Amino acid sequence: MKRLLIANRGEIALRIVRAAHALGIESVLAASAADKDSLAAREADRTVVLGPAKASLSYLDPKLVVHAAKATGCDALHPGYGFLSERTALVTLCEDNGIAFVGPTATSMDQVGGKIAARELAAGAGVPLVPGSGALASADEALAFAETVGFPVVTKASAGGGGRGMVVAHSAAELREGFERASHEAKEAFGDGTLFLERFVQTARHIEVQVMGDGNGKVLHFGERDCSAQRRYQKMVEEAPGAILPDAVRARLHESAVRLLSSIKYRNAGTVEFLYDVERQAFYFIEVNARIQVEHPVSEQICGVDLIQMQLRVAGGEPLALEQQDIQRRGHAIEVRVIAEDPERNFAPSPGRITRWVPPVGDGVRLDSAMFEGAMVPPFYDSMIAKLIVSGSDRATTVTRLQRALDAFVIDGIATNLRLLRHIAAHPDFIENRISTRWLEQTLLPSFARG
Amino acid sequence: MNKKPTAQDLESLMDMFEKSDWKELDLRMEGFELYLSKDPSRRRGGSTPPPRLRGEGAGEGPAPISAPSATSASASAVPAHWIAVKAPNLGTFYRAPKPGAAPYVQIGQVVTPETEVCLIEVMKLFTSVRAGVAGTVRQIAVQDAEMVEHDQVLMYIEPA
């Protein structure tokens, strides 16, 4: 790999430019008109302007991106995350034009891209899915199924979603009573009262495993991350390791992720996402993310690796130099996403000029950001402006460091979620690691609103 | 050592200048010069690059574009009333509909806003660019089959 096109923006573009330079690879940044003066543009060896600010006319056009790569003599392309990173069309275009795509093959991407295909793949590899029934003809059939998987269970409508036909039952009596009600509700909503049953996860955690494959069947894992603090399925805080997991469960979780992606000889970085049932100490497959993820730095911090550089090496055809036993996980790391949104105004986006930017510094503090004093946060894209990553010898030390780092962080000129992040870091539930995927919306935000 | 002004200082300075009734402002400090004028025809020392905002530290401050922009490079070389035809997106610039064919337009040719003046190709997909203005083609700013970027000047037309 001699010259790499970076088809992305913001902190990840900057991070990839630097990783390329560290490996002696030239960088060409493909930017929109709104990003032509960005920090990534300044550090890249060359910047080309793809199109106007609007993403559909610049970052989201696979042909434009591959044309830019060819016209600037690039032999590889890194898509970052978001935008085109999981579009098979881009991978195919790269493959057809002799450009190494920094990511999985088009075939792999299709195998894990669709939710149904991915679930079949997981089932085939013996990776657990949330136990569910087929269509149920009666409350008796539902009861029989519930006995096999255990309560609580939830009814779901075969014909649709959105909460209609969903009743949570903690006992046989509740299920018998709720079944008719749910069936009636489904019939009203979708014209079809057919129900099926799933095991209900009372207290869920979002746990995911970071992996890297060489494309020949060797797949390594870099431990798990706990990303349970979410708002509307958007992660806000991510940490590694998932301190909630018992060691035996953790080992099975890693093994499942590796088995799943080995089965398709997965190439490059990927993440296998799981729902973790805290009460039952069981995990269930959700989906595969076939790209580098926003939260990859927490895994880098505890494993002492550079996943982006590793991605570039693998895409350049180098074998994975590590063995699983070489990857030692040490200490704890937490990442928070700093976003240009105002939590006090219903998370209204807050683009504009940053007039003051004082990032925290100190032991165990890492900041992945392309922002600086005087920089403009454009209104056209995702509002994340920085990832603050802190690490320490254990979770308690790391949480204390996070609190200090957040207190020291000053951003003026635009509204951000810094105050909310401070509130999270200081909350007893977070400090004592008692949260679930519903915690941020149900407990933290109301508590934040009360001040 | 003099402290260099921050991006913020410059922004407030420009803002105050804009709101003032001054016509020109010439600021010179050690290692730093700034010239502002409200007269578009005024330009100090022809080759002086446009003012750059610089932060204090090495890793700070908004950056100028690293790739050369044809827009700024040739802007000063043509009469102010000529109108630039710009590339709608990145692609390869072609003057003719196919290799060996006559170019869409020649210098000195009279065009209407609808006249096709060139092609931009993106992965074998050809999009024609129209003049957008009635006038006479005065300059072609790009070599045939060269890569152009979004907003790059392709040619100049003197309006009728």
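Modeller: Contact here means heavy atoms within 4.5 Å. The model is predicted.

Biologist: Leaving aside neighbours within four places in sequence, with which residues is L261(A) in contact?
Modeller: L261(A) is among the residues with the most contacts inside the largest nonpolar core. Neighbours within four places in sequence are left aside, and the residues in contact with L261(A) are then V112(A), V211(A), V219(A), Y266(A), V272(A) and V288(A).

Biologist: Within what arc do the buried residues of α5(A) fall?
Modeller: Helix α5 of chain A, residues 106-113, has A106(A), S108(A), M109(A) and V112(A) buried. An α-helix has 3.6 residues a turn, so residues three or four places apart point the same way. The buried residues of α5(A) line one face of the helix, because seen down its axis they fall within an arc of 160°.

Biologist: Are α4(A) and α5(A) roughly parallel or roughly antiparallel to each other?
Modeller: α4 (88-96) is included in what covers the buried residues of α5(A). In the contact, T88(A), V91(A), T92(A) and E95(A) of α4(A) meet A106(A), M109(A) and D110(A) of α5(A). The axes lie 9 Å apart, and the packing angle is about 170°. Angles over 145 degrees count as roughly antiparallel, and α4(A) and α5(A) are therefore roughly antiparallel.

Notes:
Residues numbered from 1 in each chain as written. Chains lettered and ligands numbered in written order. Predicted model: local features only at pLDDT ≥ 70, side-chain atom pairs only at ≥ 80, totals over all residues. Heavy atoms only, no water. Core = buried A, V, L, I, M, F, W, Y, C linked by side-chain atoms within 4.5 Å. Buried < 20%, exposed > 50% of the residue type's maximum accessible area, 1.4 Å probe, protein only. Helix = DSSP H or I, 4+ residues; strand = E, 2+ residues; numbered from the N terminus. Arc of directions from axis to C-beta. Axes fitted to C-alpha atoms, helices over the stretch in contact; angles between N-to-C directions. Parallel < 35°, antiparallel > 145°, perpendicular 65-115°, else oblique.
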